[in-house]
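Trainee: Could you walk me through reading a structure like this one? I would like to go feature by feature.

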Amino acid sequence: MQTLSQSLKQSGINDELAKLITVLANTSKDISQAVRHGALAGVLGVAGTENVQGEDQKKLDVITNDMLKDALAAQGSVKALASEEEDEIVPLSKDGQFLVCFDPLDGSSNIDINSLVGTIFSVLPAPSGDVSEQSFLQSGRKQVAAGYVLYGPSTMLALTTGKGVQLYTLDPVSGDYLLTVDGVQISKDTGEFAINMSNQRFWEPGMQAYIADLIKGKEGPRGKNFNMRWIAAMVGDVHRVLCRGGLFTYPTDTKDPKKPFKLRLMYEANPMAFLVEQAGGKASTGYETILDVAPSEIHQRVAVILGSANEVDACLGYHK
Ligand code: F6P
Ligand code: MN
């Protein structure tokens, strides 16, 4: 099996980008260790602070954010980073050619129950001149790399540099990421969906009607039974979609009128949409392709509907 470094070399991407991906991958190995030690290392529980979105930060949110920040700061090619756990962008190397956005520990409500969590990252080209928040406001189509690391029963890296999607599994013996699936393809059709059903009464009428029809199963207009899964960590749900198809959505809702969307465009929706499109799936807000959304601020949130192409189309049919 190829190691990550062998497969990056073979992919023909530029050396600087390969080095940056290697740094992200190496840091994820340290994060994997921190997550694995859990209560033994005293890293569980809340940090006593809130992030810019007013959410309680867990100790591991802060620890993993610092690990990535330190690793990227030591790497000359990153001009600045933006993190879900940082109020503002963090300028790094003046002449860096990349911008990196990340969610250091996605699904952090799963930490204290020893369930799935992950790291999501996105790499954008850095515009010339002084760096500011404006430099980051590029559509997801501009990403040069994106991926996630899933800290599950095994630690896995899903990566795209625009040449399909590769899945690597961390070998606990050698400490290398080994290429275990090359050219991931999401099945066009699916019988599985993922949504937080408890928000049903807050969804738009289109989403209400779509899910209602799925639940009617064989006797309903779709003429087949659907199964439901919800991991409550986007990395876990998207990983399942990459592995066996499905539709994952965190739709618009009116639960908190100030926050109609849950997921973040720059740290979650864009990198996942890049992976999903590269694997033959689709990713939409319900009204627009996610990768074409023009960002207006780094912490912006969006509605997300992604996964098996035909099922995403079916869902979008209810949104017209
Ligand atoms: O980062 C936000 C997030 O944790 C996602 O990973 C996940 O899909 C979602 O929120 C879970 O939301 P809820 O708490 O509504 O289940
Ligand atoms: Mn997250």
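Trainee: Which residues does UniProt list for "domain: Fructose-1-6-bisphosphatase class I N-terminal"?

Mentor: Happy to start there, and keep in mind that this is a predicted model. UniProt lists residues 5-180 for that domain, in an unreviewed entry.

Trainee: What are the helix and strand percentages over residues 5-180?

Mentor: Across residues 5-180 the chain is 28% helix and 32% strand.

Trainee: Let's turn to open space. What is the volume of the largest pocket, and how many residues line it?

Mentor: A pocket is an open set of points, whereas a probe in a cavity cannot get out. Here the largest pocket has a volume of about 700 Å³, and 32 residues line it. Glu55, Tyr250, Lys262, Arg264 and Arg301 are the lining residues nearest its centre.

Trainee: Which elements give two or more residues to that lining?

Mentor: They are β2 (56-58), β5, α6 (234-244), β13 (247-250) and β14 (263-264). Strand β5 gives the most, with 3 residues. By class, the lining of the largest pocket divides into 9 nonpolar, 6 polar and 17 charged residues.

Trainee: Where does UniProt place the feature "binding site"?

Mentor: One "binding site" feature, from an unreviewed entry, is placed by UniProt at Glu84, Asp103 and Leu105. These residues span 22 residues in sequence, yet no two of their C-alpha atoms are more than 9.2 Å apart, so they gather at one spot. The lining of the largest pocket includes Glu84, Asp103 and Leu105.

UniProt also places a "binding site" feature, again from an unreviewed entry, at Asp103, Asp106 and Glu268. Although they are spread over 166 residues of sequence, they cluster in space, with a largest C-alpha distance of 8.5 Å. Asp103, Asp106 and Glu268 are included in the lining of the largest pocket.

Trainee: Now the ligand. How many residues surround ligand 1, and which are the closest?

Mentor: Begin with the neighbours, then look for polar contacts. Ligand 1 is surrounded by 13 residues, the closest being Asp106, Asn196, Met234, Tyr250 and Glu268. For polar contacts, the cut-off is 3.5 Å between N or O atoms. Tryptophan 230 has a polar side-chain atom 3.0 Å from an oxygen atom of ligand 1. For tyrosine 250, a polar side-chain atom lies 2.5 Å from a ligand 1 oxygen atom. In glutamate 268, an N or O atom of the side chain is 2.7 Å from an oxygen atom of ligand 1. On its own, ligand 1 has 400 Å² of accessible area, and the protein covers 83% of that.

Trainee: Finally, how many cavities of 30 Å³ or more does the structure hold?

Mentor: It holds 1, and about 50 Å³ of space lies in the largest cavity. Its lining has 5 nonpolar, 3 polar and 1 charged residues, including Glu204, Met207, Tyr287 and His319.

Terms used
Residues are numbered from 1 along each chain as its sequence is written. Chains are lettered from A and ligands numbered from 1 in the order in which they are written. This is a predicted model: local features need pLDDT of at least 70, side-chain atom pairs count only at pLDDT 80 or more; totals for chains, interfaces and linings use all residues. Side-chain values use heavy atoms; hydrogens and water are left out. UniProt positions are given in the numbering used here, feature names are shortened, and annotations may be inferred rather than shown by experiment. Helices (H or I, at least four residues) and strands (E, at least two) are DSSP runs, numbered from the N terminus. On a 1 Å grid over the protein atoms alone, a cavity is a set of points where a 1.4 Å probe fits but cannot get out, and a pocket is an open set with protein on both sides within 12 Å along at least five of seven lines; lining residues have an atom within 4 Å of a point. Grid points are joined across faces, edges and corners, and a volume is the space filled by probe spheres set on the points. Ala, Val, Leu, Ile, Met, Phe, Trp, Tyr, Cys and Pro count as nonpolar, Asp, Glu, Lys and Arg as charged, and the others, Gly among them, as polar. A residue is near a molecule or strand if one of its heavy atoms lies within 4 Å of it. A polar contact is a pair of N or O atoms within 3.5 Å; within protein, one must be able to donate a hydrogen and the other to accept it, and residues adjacent in sequence count only if both atoms are side-chain atoms. Accessible areas come from the Shrake-Rupley method with a 1.4 Å probe; for residues, only the protein chains shown count as cover.
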